[in-house]
Amino acid sequence: MTRLFLFTALVATSLPTSAHAFSSSSRFAAPVSGLETGAWGGGGGRWFTGSPGDGFTCAVCHGEREAPFEITGIPDTWEPGSEHVIEITWPADQNGAVALEIVDADGRPVGTLSIEDDEPDARCPADAPATLAWPVGDREVVLTEACGARYQRVRWTAPSEGLEAFVYVAGVIGNRSGDPTGDATISERFATARVGAPTPEAASLGCATTDATSFPWVVLLVFVLALRGRSRPARARAPCARRRIRARHALLVAWLVLPALAHADDTVSASLFIRNDTDRTTVITPDVSASVRLGDRTTVRAGYTVDIWTSASIDVRTAATRAIREQRDELNAGLAHELDDVTLGADYRFSHEGDYVAHGGGLNLRYRFADGNATLGARLSAAQDVVSRSGDDDFERRLGTLGALVTFTQNIDPKTLVQLAYELTRRDGYQASPYRFVGIGGDGRCQDSPLCVPETHPGLRIRNALALRARRAFGERWSFGLDYRFYFDDWGLRGNTILGTLGIVPTERSLVSLRYRFHHQTAASFYAPFYLLDEDSVPRFVTRDRELSPLFTHRLQVGYEHGLDLSDAGPELRLTVAVGGSTFKYLDFVGLDRVWALDLTLAAVVVL
Amino acid sequence: MRVQLTSCLAWVAWLTLVGCAAEVGEAIPSELDACGFEAEVYPQLARDCGFPTCHGNDQRFFQVWAPGRARLDESTGILAAPTRAELDRSYERALSMLGSYGGAGTPEDSLLLRKPLEASAGGAAHRGVDRLGRDVYPSTDDPGWQRLAQWARGEVSCP
């Protein structure tokens, strides 16, 4: 009995097994639906040869691991009516299936094909035909099914008309797993021409379904990366080295330019901000800037900032993508000119990252009156952002921003200062994230929700902020400040922010500061932690933006600044180190309850 | 200075006036004919989209699970009839694809109909081109695209 079982098992394992779902030729022609026939899962008329009549290949189901097929007999050129034996073979111990089609550039059959399967190795073990020619509309596909045959051999008679022919071969070597994945495939294309005719385009494409188009894009990508390497730091290769070079360039430029322009109170500064939080996000922000006075009344400044952002946050995890690393480069410049009691200014900034480009600028006015004890300030700003989506060349959305800020500052007495401010911002355009999707009918995340739709925000947002600030000195060494800011917008979001600042001057050249900030906000009107499906329709606006959810934050920062003279009558160096800690409490956001963050700021300012 | 202040205040007032309340409306229907989907649309999606390296894959947002291609539950026979879970998942994800970035209004603007459509015919970027660089449907005249569009417009019902 045991011997019989072993024999049966041996025979079973040595016989060809079903390599894939379409081991029978007829499966390709059969409908997908089995509602009428009861047989499900046909090809629906797709034969996966990769020809113009059916551009998909076997690789879309069986993967792209290269299969050991050998193809012989395809002529480079042919005479009208000439005959050519084309043979496709595979190793004897492999379970192969292969399809062949010979067509012109438009996908129409060229010449005639006849099957040569007289030998046992070209047939199924029970001497049934392994290779059949299947009419597919105007096409003809010769297909050898995976029944144990060892090769496909066809005789092709060249056409009496026409100048070129293309041979498409698609094959599979099954891994006997019982499903289509993990098999090995081949997908080849050969161009042939009538004798004396121009040589057709280059032959033999790879098996990947996108190879025909990916090559130019790869070349273009390499070219763009090379250009980026020249014009701005690349993300992929040696980013740290590139950043060092860039920072050195900025400092070098600053030092080359500054001597000619240097004036009292000119400054050069560099800073580094590092932040890490429990939502697996790290931000590193180096910054260099310089401010130079030109004459007695004009000041120009310029700066360069980099945000290097690495994250595997809840947003990233929800999108089922790996950790993301982004870099944003920003250039900014400004000009201010004093006219007695009025100072006029203008500034511009440009920032760029892989999927976001922003231009912005503003005009500033400051008017001092009441013997310099009162100041009225105003600012008008405008920005234009272009949002794109990595990997989607078709995606481009714009966001326009207009803003106005009015401030009034009053010295109450020599030790007390108060300020009132109002800011109005109008944002019009795309304000969602192209990477965030919102689950509908589940817990808000897409993973287990029946519907999953792109995040969609209203196109228009009017933001308002009112602020009251006060500062007062106590004695020679202490000062205290208190700010309150009320924010509201037409998305229904309300926010309250309180900032307390304590300053201590322990020595003449040093300052210790302590800052505490509290912020609380309500949710936007269309925000919901999850959206229900049992309504008449999905809401027009859906979001997974936690910044639109109800939350509160606490932040505490301790800083120390110290001034040093670089020479007896020369520049002064001001060094600052600050450490901050924050906590964000999300009151109604699925998947994230609280985030803790720690940040460090190092800054050096040289006052020339 | 008075002139500047007046201009500024007028500008602020204009900004406030144009800032009307957020629009209201519908982004996508929460339901379309599921029976019609299973009879007409699901076979089409399985035929053209449901391959293991394409959308028969749980790494994709849009998923189509079907016999002869990829099974949601690996223990399901490769040629067995579609399971209820496979039909539901395919239906729900197709419905989701009727949304679009920015919430555009018509089914023709949706990802479901633009993604598989050739760019020259108004389609969106799609990595699922064939080896000749062509998207799934060359034009809106393609019967396959028409079938999807009819369902998206609510024109397909249970046979």
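## The disulfide in chain A

The torsion about the S-S bond of Cys124(A) and Cys147(A) is about -90°, so this disulfide (a pair of cysteine sulfur atoms within 2.5 Å) is left-handed. The bond connects distant parts of the chain, 23 residues apart: Cys124(A) sits in the loop between strand 6 (112-115) and strand 7 (131-136), and Cys147(A) in the loop between strand 8 (139-144) and strand 9 (151-157). Helices (H or I, at least four residues) and strands (E, at least two) are DSSP runs, numbered from the N terminus. The sulfur atoms of Cys124(A) and Cys147(A) are 2.1 Å apart.

Cys124(A) is buried at 9% relative accessibility, and Cys147(A) is buried at 13%; buried means under 20% relative accessible area, exposed over 50%, and partly exposed in between (1.4 Å probe, protein chains only).

## The disulfide in chain B

Cys35(B) and Cys158(B) are joined with an S to S distance of 1.7 Å, and with 40° about the S-S bond their link is right-handed. Cys35(B) lies in helix 2 (residues 34-48) and Cys158(B) in the segment after helix 5 (143-152), so the pair ties together parts that are 123 residues apart in sequence. Cys35(B) is partly exposed at 33%, as is Cys158(B) at 40%.

Cys61(A) is buried at 11%, and Cys54(B) is buried at 13%.

## Basis of the values

This is a predicted model, in which local features need pLDDT of at least 70 and side-chain atom pairs count only at pLDDT 80 or more, while totals for chains, interfaces and linings use all residues. Residues are numbered from 1 along each chain as its sequence is written, chains are lettered from A and ligands numbered from 1 in the order in which they are written, and side-chain values use heavy atoms, with hydrogens and water left out.
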